[in-house]
Amino acid sequence: MGNRIKHKKNKKWKWLFIGLLAFNITLLIAFLTLIFWPVPQADYPEPTAKKTEASSEFIVRTTKKNLNDLVNAHIDKLLDGTNHRYRIELGDDVHLIGELPVFSSTVPLSVHLEPFVQENGDIILKQRSISIGRLELPNKKIMGYMDKYLPMPEWVTVNPKDEEIYVAVTDIQLKSNFQVAVEHIDLPSNHLSFKFRIPYQTLGIE
């Protein structure tokens with residue numbers, strides 16, 4: 001009698017162990033699938049058609065500090081009322097520092113990016129290094145989480161597949177009806193310049 005009870009208990013523990021093992025294997029497969037699932041290709045905005053109305057262009061030079069303050073003021077306004085936090089620091093490259101939500105918590109995010117000015121005045125920020133706390137995840141997957149969870153202006157596109165961020169500066173809507181484009185960016189030399197196009201109609205000339 002005692003041996004039969006003992007045998008039943010052993011059998012019960014055996015099935016519990018198998019069930020727990022199967023559960024853990026399922027979790028592991030789901031986790032690996034999530035990590036290595038292909039990231040989507042982002043679509044960049046179509047280049048804005050060049051305006052033909054009468055206007056003049058001015059080149060405005062600035063410093064990293066001035067641009068940094070402006071960018072972070074815009075980000076603060078964008079994130080106001082949300083639980084998300086990130087900021088930009090302009091040094092020898094573009095450093096994005098923030099947090100990404102993971103389950104019910106957050107993990108620190110750090111991304112170094114190198115800016116490349118495009119012919120049309122937009123910028124592509126190429127990822128140089130990226131980390132998300134102590135988690136070991138593929139760079140493309142981290143950028144996929146950035147695209148999914150970090151609020152960005154509508155003129156910013158995160159492209160996980162190419163590990164870059166497209167900043168459509170020429171799509172920024174200014175209240176004054178001025179158009180802006182990047183002329184030159186050299187962060188190590190602190191040389192930054194922007195091109196402003198001012199339509200005459202805005203000034204009431206036409």
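Tutor: Please note that this is a predicted model.

Student: With which side chain does Lys195 meet in a salt bridge?

Tutor: The general idea is that side chains of opposite charge can pair when their charged atoms come close. In this case, the partner of Lys195 is Glu183, with 3.7 Å from N to O. The pair links distant parts of the chain, since Glu183 lies in strand S8 and Lys195 in strand S9, twelve residues apart. Glu183 is partly exposed, with a relative accessible area of 38%.

Student: How do strands S8 and S9 pair, and over how many bridges?

Tutor: S8 and S9, the latter covering residues 191-199, pair in the antiparallel sense over seven bridges. As one example, Gln179 has Arg197 in S9 as its bridge partner.

Student: To which sheet do these strands belong, and in what order do its strands stand?

Tutor: The sheet is open and consists of three strands in the order S1-S9-S8, with antiparallel pairing. Strand S1 (55-62) and strand S8 (179-186) are the edge strands, each pairing on one side only. On average, neighbouring strands of this sheet are turned by 20 degrees against each other, direction ignored.

Student: How many salt bridges does the structure hold?

Tutor: The structure holds five salt bridges. Another of them joins Lys126 and Glu164, at 2.6 Å from N to O. Lys126 lies in strand S5 and Glu164 in strand S7, so this pair ties together parts that are 38 residues apart in sequence.

Student: Is Glu164 buried or exposed?

Tutor: Glu164 is buried, with a relative accessible area of 5%, whereas Lys126 is partly exposed at 36%.

Student: What pairing do S5 and S7 show?

Tutor: S5 and strand S7 (residues 164-167) pair in the antiparallel sense over four bridges. Within this pairing, Ile124 stands opposite Tyr166 in S7. S5 also forms a hairpin with S4, with five residues between the two strands. In that turn, Gly121 has a positive phi of about 100 degrees.

Student: Where does a salt bridge occur within a helix?

Tutor: Asp69 and Lys65 meet in a salt bridge of 2.9 Å, N to O. These residues are four apart in helix H2 (residues 64-79), and are therefore separated by about one helical turn. Asp69 is partly exposed, at 42% relative accessible area, while Lys65 counts as exposed at 58%.

Conventions
Residues numbered from 1 in each chain as written. Predicted model: local features only at pLDDT ≥ 70, side-chain atom pairs only at ≥ 80, totals over all residues. Heavy atoms only, no water. Pairing = 2+ DSSP bridges. Axes fitted to C-alpha atoms, helices over the stretch in contact; angles between N-to-C directions. Salt bridge = Lys/Arg side-chain N within 4 Å of Asp/Glu carboxyl O. Buried < 20%, exposed > 50% of the residue type's maximum accessible area, 1.4 Å probe, protein only.
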